[in-house]
Amino acid sequence: MKLSYFDLLSPGPVYIQDTGGIISPTLKDISFIGIQTYQYYLGILSMSAQSFFEMSGLKEQYDMLPEEEKSKINIFELLTGSNQMVSLLEKIFNFFMADTVIYSPTNKYFIVKKDKDIIGTINRKNYNNVCNLIYQRNYIKYQSEDVNNIKSKKAAEIMKKIQKGKSNRRHSEPDKNFELGNVISAVASKSNSLNILNIWSLTVYQVWDCFARLSNNIIYDIQSMSVAAWGDKDHRFDAGAWFKTIDNDK
């Protein structure tokens, strides 16, 4: 499910039928729990069955399973198999959702409540979609595709190779230039209206969007100055580039 650019930028929750409201946390919200906890929460939500077994120290056992057995494994059932993980998921959902999320041991899924009314659930069927929506609202492309839901055998094999490549890339060193703290500093210093004091009221999506828009506009300014000084004989300068959409890959 792809959220609209308007919904992604919105400071309020995006309500999904039978699920609840998905929020984009503000920088202030993230500062209250800490950046490491925030990243840990996102990491849990991106977990696949394979990464779950790797984290549990059971990678060899997982690799030895027949493909037919692997296809029957559901990440939601794995995560809710222990009280510790259930408690963690409750904290995660209550951070990224506008309403109260409580696990129901009887039903074996999470109940989403607004005041006293149940407005939705998070279960084995919609769990991946909820994670996807949370990732979108945090300016992240969701990486935990559920291979088990792909009906085409050939497509499933291709997706497994893609996931293996993604897993290998995770071990590489992250670019410090794109760490959230550095992006906050850069946007606060470059923006005409945002500063290090008021930027904390923005949602994390809004900050990343401002960073992308500022980056595009800096390039546009350089190109426009070059055209003003030297002309545009090849007609390559796009005068409308400053307002072209940047929401192409979320």
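Predicted model: local features only at pLDDT ≥ 70, side-chain atom pairs only at ≥ 80, totals over all residues.

Q: Fine. What is the strand order in the open sheet?
A: The order is E3-E4-E5. Three strands make up the sheet, and the pairing is antiparallel.

Q: Which strands sit at the edges?
A: E3 and E5, the latter covering 117-122. Each of them pairs on one side only.

Q: How much are neighbouring strands turned against each other?
A: By 35° on average, with direction ignored.

Q: What packs on that sheet?
A: Helix H8 does, and it touches E3, E4 and E5. The direction of H8 makes about 160° with that of E3.

Q: Back to E3 and E4. How many bridges join them?
A: Five. E3 spans residues 100-104 and E4 spans residues 109-114, and they run antiparallel.

Q: Which residue of E4 is opposite Val-101? And which is opposite Ser-104?
A: Val-101 faces Val-112. Ser-104 faces Tyr-109.

Q: Which residue in that hairpin takes a positive phi?
A: Lys-108, with phi near 60°. The hairpin has four residues between its strands.

Q: What does Leu-89 contact, leaving aside neighbours within four places in sequence?
A: Ile-44, Leu-45, Leu-79, Thr-80, Phe-110 and Tyr-127.

Q: Now H3 and H9. At what angle do their axes cross?
A: Roughly 145°, and the axes come within 10 Å. H3 is residues 35-45, and H9 is residues 127-137.

Q: Left-handed or right-handed crossing?
A: Left-handed.

Q: Which residues make the contact?
A: H3 uses Leu-42, Gly-43, Ile-44 and Leu-45. H9 uses Tyr-127, Cys-131, Ile-134 and Tyr-135.

Q: How do those residues of H3 and H9 divide by type?
A: Seven are nonpolar, one is polar and none is charged. Gly counts as polar here.

Key
Residues numbered from 1 in each chain as written. Heavy atoms only, no water. Axes fitted to C-alpha atoms, helices over the stretch in contact; angles between N-to-C directions. Helix = DSSP H or I, 4+ residues; strand = E, 2+ residues; numbered from the N terminus. Left-handed = near helix turned anticlockwise from the far one by under 90°. Contact = heavy atoms within 4.5 Å. Pairing = 2+ DSSP bridges.
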